[in-house]
Amino acid sequence: MHLPKHILLVEDDPAIAEPMRYALQREGWQVDWQTTAQGALHALTQQTFDGLILDVGLPDMDGFDLCRQIRQTYNTPLLFLTARNDEIERIIGLEIGADDYCAKPFSPREIISRIKAIWRRMQPAQADTPTQVDHLPIPNATINSTVQDTTPHQD
Ligand code: CA
């Protein structure tokens, strides 16, 4: 069964959040839009999300502080919206556990692409697994030999 991706969007500016929510929904994703850090923390206790989009400048809490709090409990993929092309903001965001960032101005399509890229990085690298891997002793793991890549290697 294919469940739609569920995204938590935390952004207090409707001019940014509304077109983004529209674009994410057109992608087939469910969007929970929160305008405050407290609202976001509450939503996280109520539902499971596939991705979080956090604005750095929120009315009740710094987005970085919110990220630190979230990371104490949740590993959900997280993307920051930074106010500008600010290197310090980008570095802080990544160092406290964000998976990526987008600097304003950005397009909703860029956000969608970056979230999909995070999901791809999180998936087991099935296609890239060397065929020899089934000879390695891997405790507590079963390897399905039918997924071996038998394509001749072409260098
Ligand atoms: Ca803001």
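A salt bridge here is a side-chain nitrogen of Lys or Arg within 4 Å of a carboxyl oxygen of Asp or Glu. By that criterion, the structure above holds eight salt bridges. This is a predicted model, in which local features need pLDDT of at least 70 and side-chain atom pairs count only at pLDDT 80 or more, while totals for chains, interfaces and linings use all residues. Residues are numbered from 1 along each chain as its sequence is written, and side-chain values use heavy atoms, with hydrogens and water left out.

**Reading the terms**

- Helices (H or I, at least four residues) and strands (E, at least two) are DSSP runs, numbered from the N terminus.
- Buried means under 20% relative accessible area, exposed means over 50%, and partly exposed lies in between (1.4 Å probe, protein chains only).
- A contact means heavy atoms within 4.5 Å.

**Salt bridges**

- Asp55 and Lys104 pair through their side chains, at 3.2 Å from N to O. The two sit in distant parts of the chain, 49 residues apart: Asp55 in strand β3 (residues 51–55), and Lys104 in the loop between β5 (100–103) and α5 (108–122).
- Asp55 is buried at 4% relative accessibility, whereas Lys104 is partly exposed at 21%.
- Arg71 and Asp99 form another salt bridge, with their closest N and O atoms 3.2 Å apart. Arg71 belongs to helix α3 (residues 63–71) and Asp99 to the loop between α4 (87–95) and β5, so this pair ties together parts that are 28 residues apart in sequence. Asp99 is partly exposed, with a relative accessible area of 31%.
- Arg114 meets Asp100 at 3.1 Å, again N to O. Arg114 is partly exposed at 28% relative accessibility, and Asp100 is buried at 10%.

**Calcium site**

- Asp12 (OD), Asp55 (OD) and Gly57 (O) coordinate the calcium ion at 2.1 to 2.3 Å. Donors are N, O and S atoms within 2.8 Å of the metal (3.2 Å for Na, K and Ca); water is not among the atoms, so sites may look incomplete.
- The spacing of the donor residues in sequence is D-x42-D-x1-G.
- Asp55 is buried at 4% relative accessibility, while Gly57 is partly exposed at 45%.

**Helix packing**

- Helix α1 (residues 14–26) packs with α5 at an angle of about 50 degrees, and their axes are 9 Å apart. Axes are lines fitted to C-alpha atoms, for helices over the stretch in contact, and angles run from 0 to 180 degrees between N-to-C directions.
- From α1, Pro19, Met20, Ala23 and Leu24 meet Pro108, Ile111 and Ile112 of α5.
- Helix α2 (residues 37–46) has Ala37, Gly39, Ala40, Leu41, Ala43 and Leu44 as its buried residues. Those residues pack against β1 (6–10), β2 (30–34), β3 and α3.

**A buried loop residue**

- Thr76 is in the loop between α3 and β4 (78–82), and is buried at 9% relative accessibility.
- Beyond neighbours within four places in sequence, Thr76 is in contact with Phe49, Asp50, Gly51, Leu52, Arg71 and Asp99. Arg71 and Asp99 are also the partners in a salt bridge.
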